[in-house]
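Here is a note for a colleague who is meeting this structure for the first time. Please read the points below beside the sequence and the model.

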Amino acid sequence: MPDAIPSAGVGSRQKPEFRPAARVLLIDERDRVLLINVGVPQQANFRLDASPKADRRLWITPGGGLDPGETREDAALRELYEETGLREVDLGPCIWKRRHTWQWVDRWIESDEWFYLLRAPAFEAVPTAPDEWEMQYVLGHRWWSVNELVANKDTETFVPRSLPELLPPVLAGDIPIQPIDVGA
């Protein structure tokens, strides 16, 4: 998730702030994916497409930016614990990557995200160390089936946006040897 919003002028459109990130595609025993519901502040000029949803919410996988000196795998596990309470798990392979530039309030960010696969039994996600950003913008957690993702893809914004199409091959065991670029 984004760090606390910095002062104006950090990360301009012409020179966005680079932010390496690690995310976890967490799938339970019923083939559902855990997503975090994030509210986008009204002052954010955050756009995923030409017609942003009126309620300005996103559904994202657990994860976030790397701390200095941290590996992506360590960041993925740390963020997973902080955002869901899940710990002491064996992270699977990196299966997806995406790089995109976006604006959050007055901050332009170029994200380089790596998505790691993890299978775990369903549980109730309880954040253990919510930071100021998370307390303000995280609205909740939910387990989604593929059918639910498909049925809601026109009314909800999933990140990556192609999640309803990307998930079925993974559930069928088609795990890429090299991470695939999943776009926005």
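1. A ring under a charge. R142 lies over the face of W144, at 3.6 Å from the ring centre, where a charge counts as over a ring if NZ of Lys or CZ of Arg is within 6 Å of the ring centre and within 35 degrees of the ring normal. The charged end of K97 sits over the ring of W114 as well, 3.9 Å from its centre.

2. Basis of the note. This is a predicted model, in which local features need pLDDT of at least 70 and side-chain atom pairs count only at pLDDT 80 or more, while totals for chains, interfaces and linings use all residues. Residues are numbered from 1 along each chain as its sequence is written, and side-chain values use heavy atoms, with hydrogens and water left out.

3. The partner of R142. E148 forms a salt bridge with R142, the closest N and O atoms being 3.3 Å apart; the term stands for a side-chain nitrogen of Lys or Arg within 4 Å of a carboxyl oxygen of Asp or Glu. E148 is partly exposed, with a relative accessible area of 30%, and R142 is partly exposed with a relative accessible area of 31%; buried means under 20% relative accessible area, exposed over 50%, and partly exposed in between (1.4 Å probe, protein chains only).

4. Aromatic pairs. A search of the whole structure finds four aromatic pairs, that is, rings of Phe, Tyr and Trp (its six-membered ring) whose centres lie within 6.5 Å, with planes under 30 degrees apart counted as stacked, over 60 as edge-to-face and the rest as tilted. One of them joins W144 and F158 edge-to-face, at 5.0 Å centre to centre and with 85° between the planes. This pair links distant parts of the chain, with W144 in strand β7 (residues 138–144) and F158 in strand β8 (residues 158–159), 14 residues apart. Both W144 and F158 are buried, and ring pairs link W59, W144 and F158 into a cluster.

5. What does R72 touch? Not counting residues up to four places away in sequence, R72 touches P20, A21, A22, L66, D112, W114 and Y116, contact meaning heavy atoms within 4.5 Å. R72 lies in helix α1 (residues 72–84) and is buried, with a relative accessible area of 13%. The side chain of R72 also reaches the backbone oxygen of A21 at 2.9 Å.

6. Salt bridges elsewhere. The structure holds 14 salt bridges. In one of them the side chains of R72 and D112 meet at 2.9 Å, N to O, and this pair links distant parts of the chain, from helix α1 to strand β6 (residues 107–119), 40 residues apart. Both R72 and D112 are buried. Another salt bridge joins the side chains of D28 and R32 (2.7 Å, N to O); D28 counts as buried at 1% relative accessibility, and R32 counts as buried at 15%.

7. The whole protein. The protein has four helices and nine strands, where helices (H or I, at least four residues) and strands (E, at least two) are DSSP runs numbered from the N terminus. From that terminus on, the elements run β-β-β-β-α-β-β-α-β-α-β-α-β. Of the 184 residues of the protein, 47% count as buried. Among contacts between residues at least 6 apart in sequence, 72% join residues at least 24 apart.

Conventions:
Polar contact = N/O pair within 3.5 Å; in protein donor to acceptor, adjacent residues only side chain to side chain.
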